[in-house]
Amino acid sequence: MGISRRQFLGWLGAAAGTSAVLGEKTEAASNKVFKGYPGSFGVLHDTTRCIGCRKCEEACNRVNELPLPKIPFEDLAVLNTKRRTQSDAYTVVNRFINNGNMQPVFVKSQCNHCLEPACASACFVKALKKVSTGAVVYDSSLCVGCRYCMIACPFNIPAYEYNNPLTPRVMKCTMCHPLIEKGLLPGCVEACPKEALTFGPREKLLKEAWQRIEKYSDRYLDHIYGEHEMGGTGWVYLSGRPFADIGMRDDLGIQPASSYTSGPLAAVPVVVGLWPVLLTGIYAISKRKDKISEEERIEAVSRTKANANEEMKAKLAALKDTMTKEKEAAINLEVKRALEDAAKKIKAEQPESAKDESVNISGEEK
Amino acid sequence: MDTIFYTLHDFLLHSKSVTYILIGGILIGLMLFWIFLTGRDEKKRTF
Amino acid sequence: MSQETAYANKSIFTPFNIIASIIIIAGLIVTVLRFTKGLGTVTNLDNNNPWGIWIGFDLLCGVALAAGGYVTSAACYIFGLKRYHSAVRPAILTAFLGYALVVLALHYDVGRPWRLPYPVFISQGTTSLLFEVGLCVFLYLSVLFIEYSPAALEWLGLKKIRNLIVRLTLVLTIFGVILSTLHQSSLGALFMIAPSKLHPLWYSNYLTVYFFISSMFSGLSMVIFEGSLAHRYFHNKMDETHLKESKDVALGFGKAASFIMMGYVGVKLIGISIDNNWHYLTTGWGAWYLLELIGFAAIPSFMYAIAVREKNLRLVRWAALISVIGVVLNRFNVSLVAFNWQLTSAERYFPSWSEIVISLFVVTIGLVVYRFIVTRMPILHEHPDYQHDN
């Protein structure tokens, strides 16, 4: 356990440069660069040395106590078809024949133990995590079995026990984490007869890899796969052929997976902070509008009521007026007639009594 | 407060966890504050 | 209770009942297989394709189509559009059933369903968008249950609790909108962690926005679509207010959906432009993308517009149906069709019969429970005791 606890954490002043590389605000805002656990281990896989003997597969199967496959490991015919990691095979070797005259290239694939694992970032119960030895380990006592880690892994590594009905686990290489903790080599590295696999602190492996590239520049491409891919991986690869030709994607980019999701994740708290304000505001405005329109309605009703009253009064007064006039006219007519009658009577009898009667009648009307 | 984070993942895990708890508090706090804010004018509104 | 006897007299062997019972029996058989033999036996899932239609349809479409709950309650209680009040209860009920069924379907899909509460209560993986989705769905299902409960409480005659809950309406509605905003958009963001696997036309930094906006018109369309079905089968359960308002609801919601969909088309184009993905449009994937965007978003938006201008209820309903299909198509494209697009066709996923059976089984349970509730509880009509206090 030669892990020195040196603090690799540094602060970067050039905020602009950092955010241009890292992109998302949440991390750029902190101005931090995370360099991974200091002294964490990795494996260098030199594909130019691999002979496809499948000894690593056999060792892996033994160390991890996986069920023995039907076809024995000595049978190299399985290399004729492309394989991927399975729940009972944490590592597989594939053969790539691109140009007929060239020698085949063998590539071992297993969990790359990313520095910033997509699977751990995707796991909603923290069942997967990167530990200080450099291994990405899995805790089946927490796993719900949602398989989001398998969606997230850019290398399509985690496998699932689909035929286990009630306690299925996600299965993948552990970098032999229990062995590393005991100071032992991972099973596959131990078993490799050609030193195609080199175990050690990742920093040293990168230096070693660059030395090999410089020394044998015709043998290797000028690229270490995994040095930066997806934010860097614990397992790094050397090849003489373009990595895209040997089944390794060269379009993954150098951003860690968690940087793709940090944007939407950062939106979550802001929505929780702002939505209540916005929604309550809209509610208050609509409620206030309701209130104003209600008040206006009431006012309008009372105004029409008042108007109606006045109109009624005016109408009544007018009616009264005309009625009085008509009546007066009628009375006057009657009075006239009575006077005429009386005048006739006076002519015949006494003039006094008829005059009194007319005064009485008009007095009553008023 | 001086926790050292070696990986971005650890940093995010920590900051998100704290933030999730915080936003729960903010949500409840905002609700209570609204009640406080409108506490007086509520009575006038009856009509 | 007279309804029940009426049903009994009508003979239980209606076409619906016969088909529903066949599906439920088939579903129960597959259920037994799932929990005795495992996912490998009943599904076509494999290590390259860990998510199938139980996620693509039951989860993604289920949640999107249940968006009517938050949209309708927000329109009525927050935006103050009281004339849509009669649409709120049916929408809340469908949303509640929708989310409950999403959770039911998840029990089939995840490996150890009894651990589904783990992310909330035991071990919080807060860096995961699935945690966000899980937390929100858990909380929103609770909110929807409370929002729905007055109908059940009125039916049971528990006035006191009912009145207490009705007083919480506004708070619950605001909570509902917040939670819906978050998990609807986060469902899209689930796929943002895998830019190398999702086709660039569907992968975008705006995936959250796309999913959120499409959930709005998905919810509106679903309310219209469902309303037209309810009119056909539960007409006798509707009261005068509901019948009077339903045309207004359909036209108003159609108008909103139309405009939101046009906005959605605009935002999708912005997404292509910002990532400079125009050249993909000339490929086969581009044709499929344009079919989704034009055939199932732009065209139904236009149909809605014409229908609203002409006050054509039939056309509104057709537009709603096409919009709903469009949302399903979009969710399928993101989660299944355009996902793992770089794998060879032999490595791609196609659902097995038993997966389809379980999806149908879940939908059928939803229909049966919906019918049970609607024929008994005051959903499509108001309870006579509470007619004036909403």
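Okay, let's start with Arg147(A): at 1% relative accessibility it counts as buried, where buried means under 20% relative accessible area, exposed over 50% and partly exposed in between, with a 1.4 Å probe and protein chains only.

Before I go on, the housekeeping. This is a predicted model, so local features need pLDDT of at least 70 and side-chain atom pairs count only at pLDDT 80 or more, while totals for chains, interfaces and linings use all residues. Residues are numbered from 1 along each chain as its sequence is written, chains are lettered from A and ligands numbered from 1 in the order in which they are written, and side-chain values use heavy atoms, with hydrogens and water left out.

Back to the pair. How many salt bridges does the rule find across the interface of chain A and chain C? One. Over all chains, the count by this rule comes to 16 salt bridges. Arg147(A) sits in the loop between β7 (136–138) and α5 of chain A, and Asp109(C) in helix α6 (residues 85–109) of chain C, so the pair joins two chains. When I say helix or strand, I mean DSSP runs numbered from the N terminus: H or I with at least four residues for helices, E with at least two for strands.

Now the rest of that interface. On the chain A side, 57 residues are in contact with 60 residues of chain C, contact being heavy atoms within 4.5 Å. Together the two chains bury about 5000 Å², and 62% of that is on carbon and sulfur atoms. Buried area here is the accessible area, again with a 1.4 Å probe, that two parts lose on being put together, summed over both.

On the polar side, the rule finds 34 residue pairs in polar contact across the interface of chain A and chain C, both residues at pLDDT 80 or more. That term covers a pair of N or O atoms within 3.5 Å; within protein, one must be able to donate a hydrogen and the other to accept it, and residues adjacent in sequence count only if both atoms are side-chain atoms. Which elements give two or more residues to the side of chain A that touches chain C? They are α4 (118–122), α5 (148–152), β8 (159–160) and α9 (257–348) of chain A. The largest share comes from α9(A), with 16 residues. By type, that side of chain A divides into 36 nonpolar, 14 polar and seven charged residues. For the record, Ala, Val, Leu, Ile, Met, Phe, Trp, Tyr, Cys and Pro count as nonpolar, Asp, Glu, Lys and Arg as charged, and the others, Gly among them, as polar.

Next, chain B against chain A. Here 19 residues of chain B are in contact with 33 residues of chain A. They bury about 2400 Å² between them, 76% of it on carbon and sulfur atoms. The rule finds zero salt bridges across this one, and four residue pairs in polar contact. The chain B side that touches chain A divides into 13 nonpolar, three polar and three charged residues.

Let me stay with chain A for a couple of other salt bridges. Asp251(A) forms one with Arg249(A), the closest N and O atoms being 3.0 Å apart. Asp251(A) is partly exposed at 43%, and Arg249(A) is partly exposed too, at 26%. Then there's Arg337(A) with Glu334(A), closest N and O atoms 3.6 Å apart. Those two are three residues apart in helix α9 of chain A, separated by about one helical turn. There's also a network: salt bridges that share partners join Asp46(A), Arg49(A), Glu208(A) and Arg212(A).

Last stop, chain C as a whole. It has 15 helices and zero strands, and of its 390 residues, 57% count as buried. One of the buried ones is Ser185(C), at 14%, in helix α10 (residues 169–189).

Definitions and conventions. A salt bridge is a side-chain nitrogen of Lys or Arg within 4 Å of a carboxyl oxygen of Asp or Glu.
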